[in-house]
Amino acid sequence: MMRVLPSRTYKMDAPARKRLFTPDSVVHPAKANLYLMRDLFLRYTRPGQHILDPFGGVGSSLLGALLPEPRHVTLVELEPRFVVMAQANIDRLQQRTLPGVPLGRMAVHQGDSRRLPFPDASVEVAAASPP
């Protein structure tokens with residue numbers, strides 16, 4: 001039997017996105033809501049798991065690395081300009097983290113999600129906001 005979850009409405013994430021990510025990041029046409037991503041990661045992943053976002057964009061899924069019990073996040077993005085923005089967001093998040101506060105590993109790869117660069121079982125969860 002399929003479990004039906006109650007529907008939820010998520011508040012606008014523009015203030016949080018502005019605080020966490022570079023100003024250039026707002027140009028991406030399909031940003032996943034950060035509050036939705038947080039909810040999904042807390043509900044369906046465990047601390048320390050490796051999450052793959054095969055449509056990485058500018059990095060909304062990076063939020064998983066910032067949770068109090070962080071996950072490790074890898075993005076795969078096709079468009080080079082978004083790869084550059086996602087890497088800038090990773091750099092910004094790493095610089096803004098307080099000493100002693102746990103942070104998950106974050107990485108971005110330029111590539112096609114139809115040919116993922118993970119031949120082994122190193123990825124435990126896939127999460128995406130498809131284009």
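Me: Is Arg114 buried or exposed in this predicted model?
Reply: Residues over 50% relative accessible area count as exposed. In this predicted model, Arg114 has a relative accessibility of 67%. Arg114 is therefore classed as exposed.

Me: Which residues does the salt-bridge network that includes Arg114 join?
Reply: The side chain of Arg114 meets that of Asp112 in a salt bridge, at 2.6 Å from N to O. Asp112 is buried, at a relative accessible area of 13%. Through salt bridges with shared partners, one network joins Asp112, Arg114 and Arg115.

Me: How many residues apart in sequence are the parts that the pair Arg8 and Asp39 ties together?
Reply: Arg8 and Asp39 form a salt bridge through their side chains, with an N to O distance of 2.6 Å. Arg8 belongs to the segment before helix 1 (14-20), whereas Asp39 belongs to helix 2 (residues 34-44), so the parts tied together are 31 residues apart in sequence.

Me: Is Asp39 buried or exposed?
Reply: The partner of Asp39 in the salt bridge is Arg8, which is partly exposed at 44% relative accessibility. For Asp39 the relative accessible area is 15%, and the cut-off for burial is under 20%. Asp39 is accordingly buried.

Me: How many salt bridges does a search of the whole structure find?
Reply: One of them links the side chains of Arg81 and Glu79, at 3.5 Å from N to O; Glu79 is partly exposed, with a relative accessible area of 36%. The search of the whole structure gives a total of five.

Me: How many of the residues of strand 2 are buried?
Reply: From strand 2, His72, Thr74 and Val76 point one way, while Val73, Leu75 and Glu77 point the other way, and all are buried. Strand 2 (residues 72-77) is largely enclosed by the rest of the structure, because the buried residues number six of the six.

Me: What is the handedness of the β-α-β crossover from strand 2 to strand 3?
Reply: Strand 2 pairs in the parallel sense with strand 3 (residues 106-110) over five bridges, and Val73 stands opposite Met106. Between strand 2 and strand 3 the chain passes through helix 3 (residues 80-96), and the crossover is right-handed.

Me: Which residue of strand 2 is the bridge partner of Asp53?
Reply: Strand 1 (residues 50-53) runs parallel to strand 2 and is joined to strand 2 by four bridges. The bridge partner of Asp53 in strand 2 is Leu75.

Me: What is the volume of the largest pocket?
Reply: The lining has 26 residues, with His28, Phe55, Gly57, Glu77 and Pro131 nearest the centre. The lining comprises eleven nonpolar, nine polar and six charged residues. The volume of the largest pocket is about 380 Å³.

Terms used: Residues are numbered from 1 along each chain as its sequence is written. This is a predicted model: local features need pLDDT of at least 70, side-chain atom pairs count only at pLDDT 80 or more; totals for chains, interfaces and linings use all residues. Side-chain values use heavy atoms; hydrogens and water are left out. A salt bridge is a side-chain nitrogen of Lys or Arg within 4 Å of a carboxyl oxygen of Asp or Glu. Helices (H or I, at least four residues) and strands (E, at least two) are DSSP runs, numbered from the N terminus. Buried means under 20% relative accessible area, exposed over 50%, partly exposed in between (1.4 Å probe, protein chains only). On a 1 Å grid over the protein atoms alone, a cavity is a set of points where a 1.4 Å probe fits but cannot get out, and a pocket is an open set with protein on both sides within 12 Å along at least five of seven lines; lining residues have an atom within 4 Å of a point. Grid points are joined across faces, edges and corners, and a volume is the space filled by probe spheres set on the points. Ala, Val, Leu, Ile, Met, Phe, Trp, Tyr, Cys and Pro count as nonpolar, Asp, Glu, Lys and Arg as charged, and the others, Gly among them, as polar. Two strands pair if DSSP finds at least two bridges between them. A crossover is right-handed if, with the strands pointing away from the viewer, the path from the first strand over the helix to the second runs clockwise.
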